[in-house]
Structures are given as C-alpha cells and as structure tokens.
Amino acid sequence: MASRAGSAAASPEGLGVALAQARPIPLEADFAAAPGEVLALVGPSGSGKSSVLRCIAGLARPTRGRVHIDGTAWLDTEAGIDIPPHRRAVGMVFQSYALFPHLSALANVAAALSHLAAATRRSRAAELLALVHLEGLEERRPAALSGGQQQRVAVARALARDPAVLLLDEPFSAVDKATRQRLYRELAAMRQRLAMPVVLVTHDLDEALMLADRLCLLHHGRTLQTGRPIEVINHPASVQAARLVGQQNLFAATVVEHRPDRGLTLLDWHDRVIEAAPAPAFAPGARVAWMIPPAKVVLHRRDRPSRGEAENPVPGTVIRHLVLGDSTLTTMAVCGADDLALTFTVPVHVAERNRLAVGAGVTVSLLAAAIHVMPADFRGLD
C-alpha cells in the first residue's frame, strides 16, 4: 500500500482508514476523520462506498489495509490484527434502518445496550430517543412510525453502543424531501454533541455540502480527492474528479505565460487568450484542462454595460435554456467554435430581463479567479 495511505491510517486522534484490494470490489481508499468531524464518502453507485463502511465495521476484510481509531488498531493486515465486529465500538445506520419489526422503538434501542446492566437499559434507551426527538413514541413499533421517525430510532440505536465512530450508509434515501430537510437540520444540531468521527455515505453532493466538514471522493473504490466539500467541487484535482462532482464547463487549453505580479495565468483557448487563477505548477506551453462553475460565468446585461465585462468576454448563441425553480440553466455555443458549449446560471428575473431564449445572442464574462487549471488527463475533451 502506498505510503500516503499509511499516513492517514496512522492518525493518533480520530479515525484513519487505508484499504486496498483487487477483488471482489476494487479498493484503494485512504482517508482520515477527526473527532467530531463529519466526513462524507461521495461517488457513483458501485464506487465502493458501502464496502468501505463494511471494512471499518469489520463486516468485510480487505486484502490489505489498516483501520485505526484514536491510535488503536481495529485492522492491520501486516500485523495480523483483525478485531471482530462485536468488539469494534461502531455505531452503524443502514440504508434500510434494519429495525426489529416486532419490537417497540424503546426495545429496538435497548437491544443495543447489552453492555449495560439490565436495570438501566430502559432509562438509557429513553434518553437516546429523547436525544433524537422521539419522546412519547417509545412504545410504537416500526410499522407505526414514519420513515423519518424510523431513521431517528436507527440513529438512537447506533448511539446506544457508545461508539468510537458513527457510520451512516445513505441514511436519508428512504424518506421524502421535506422529511429529509428536517432530518438534515436535526443531525446538524445533534452532531454538535457528538465527540466521535462520523462517516456519511451519500451520492448527493448537496447533502455532503450541507452536512459534511470534509468530502472524500471515491471512484471504483479509489480515493480521488479529499478536502472541504466546496474546495473539492470548485477545485477538483483532475478532470475525472470534476466530472464526478458534476462540473459541466470542462475544456482544454495551452498555458501561455504566468503573471505573478497580477496573480494570473494566461491560457490559449481556441485562439483566444483568457486569464485564469494562478497555476504556476504548469509550465508555459503545457497542455492543461480547465473548468469554471456555471455560477461564475457572468451574463452581460443588455441595458447597462459594466467595466467588469472586459474580464474574459465570450460571445455566443443560446442553444438550451431551462427554468429550474427560481433560477435558469443556460447553455451557449461559443462564437467561432460552435463545438464548444458553455453553461451558466442566472436567476429567473435576470433571464427574463435579458430576454434569454434559444437562438438569442449573448455575451458572458468568465471570472478569472474562478477558472481552475488541472492536469490534462482528459480523453476527448475539446
């Protein structure tokens, strides 16, 4: 295993994970989560997110790997350490919640309190249900609870083990949008009282942005990038990472020169020179990839020109225009390069004022500070 993976697993505080195997599910995952931190594992279906959780919990064993919590090894294949699942202080919430249907909410939580004296289990279970705002529902069975209430019982049961780490496997996928938003708020409030690392598996980037302190991007079981969610989304480490976080404006260019006095790197993009955020790691003449979030593409107003419109102006023609609630998603074909499509977002009232529609001529500015340069590891990228 790479030394980088080993450094994450050796973290003395919190959780450290480094896993590697070729099959049955390929894994090359490496990340750490500090006490009280929520780390989101994000990736498409089949990227190995749930397999990583199972390895942490001891429900699966990788070919090679280490799992450490607060300096104690739960797994170290080189040292022959593999602590069984029942001895790992893990609280886990499954996608299906996995509640016992014949037991009440209180009994479901009490079932995880076998480490306590029998006389204290009921009162402790009631405390945990109160923590997740289920007072008064202690005697209801799962079938008599809503999806959101079942999810909260599952969280209370996971916390009943006094876990060193809390693992959440797509815990909000089975509830409706309104319930999901309420559960987000409740988890955000509850996590302030949790001292352990929390690992959240999700495919929803908005969910990761809302709940996570850091994001670990997985693809085919491999860690592509770890960092603050907004940093990973706006500054992906590669074209592959950019595509996985949904970035649409991905292009190829050539580095012209660096201007450190102005904090800029100049790029040659289809015979036009554009200014980008400084990228000194790439030498002049190097082929690179670059991206800009749609929200950082600024539409020029028809009725009131601005001095800021001189910043990387790009004219084009609207080829797609979608209204999405209070905002619009517009794609333009870049003039002089009709095979280039550039997407931007504006509020509905801005779109209406500027008469955005398919076939309309527009000009936008690309904010230089938002143009992120990456290695040219693209395939078929124009």
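A residue is called buried when its relative accessible area is under 20%, exposed when over 50%, and partly exposed in between, using a 1.4 Å probe and protein chains only. Q247 counts as buried because its relative accessibility is 8%.

This is a predicted model, in which local features need pLDDT of at least 70, side-chain atom pairs count only at pLDDT 80 or more, and totals for chains, interfaces and linings use all residues. Residues are numbered from 1 along each chain as its sequence is written, and side-chain values use heavy atoms, with hydrogens and water left out.

**Around Q247**

Q247 sits in the loop between α9 (239–244) and β12 (250–259). Such helices (H or I, at least four residues) and strands (E, at least two) are DSSP runs, numbered from the N terminus. Contact here means heavy atoms within 4.5 Å. Setting aside neighbours within four places in sequence, Q247 contacts I233, N234, A242, M291, I292, P293 and P294. With I233, the side chain of Q247 reaches the backbone oxygen at 2.7 Å. N234 is 13 residues away from Q247 along the chain, and their C-alpha atoms are separated by 8.4 Å.

**Pockets and a cavity**

Spaces are found on a 1 Å grid over the protein atoms alone: a cavity is a set of points where a 1.4 Å probe fits but cannot get out, a pocket is an open set with protein on both sides within 12 Å along at least five of seven lines, and lining residues have an atom within 4 Å of a point. Grid points are joined across faces, edges and corners, and a volume is the space filled by probe spheres set on the points.

| Space | Volume |
|---|---|
| Largest pocket | About 390 Å³ |
| Second largest pocket | About 180 Å³ |
| Largest cavity | About 120 Å³ |

The largest pocket has 18 lining residues, and V90, G91, M92, F94 and R161 are the closest to its centre. β7 (90–93) and α5 (147–159) each give at least two residues to the lining of the largest pocket.

Q247 returns in the second largest pocket. Its lining includes Q247, I233, N234, P293 and P294.

The structure holds 1 cavity of 30 Å³ or more. Of the 14 residues that line the largest cavity, Q151, V155, E186, L187 and M190 lie nearest its centre. α5 and α6 (177–190) each supply at least two residues of this lining. The largest share, 4 residues, comes from α6.

Notes. Polar contact = N/O pair within 3.5 Å; in protein donor to acceptor, adjacent residues only side chain to side chain.
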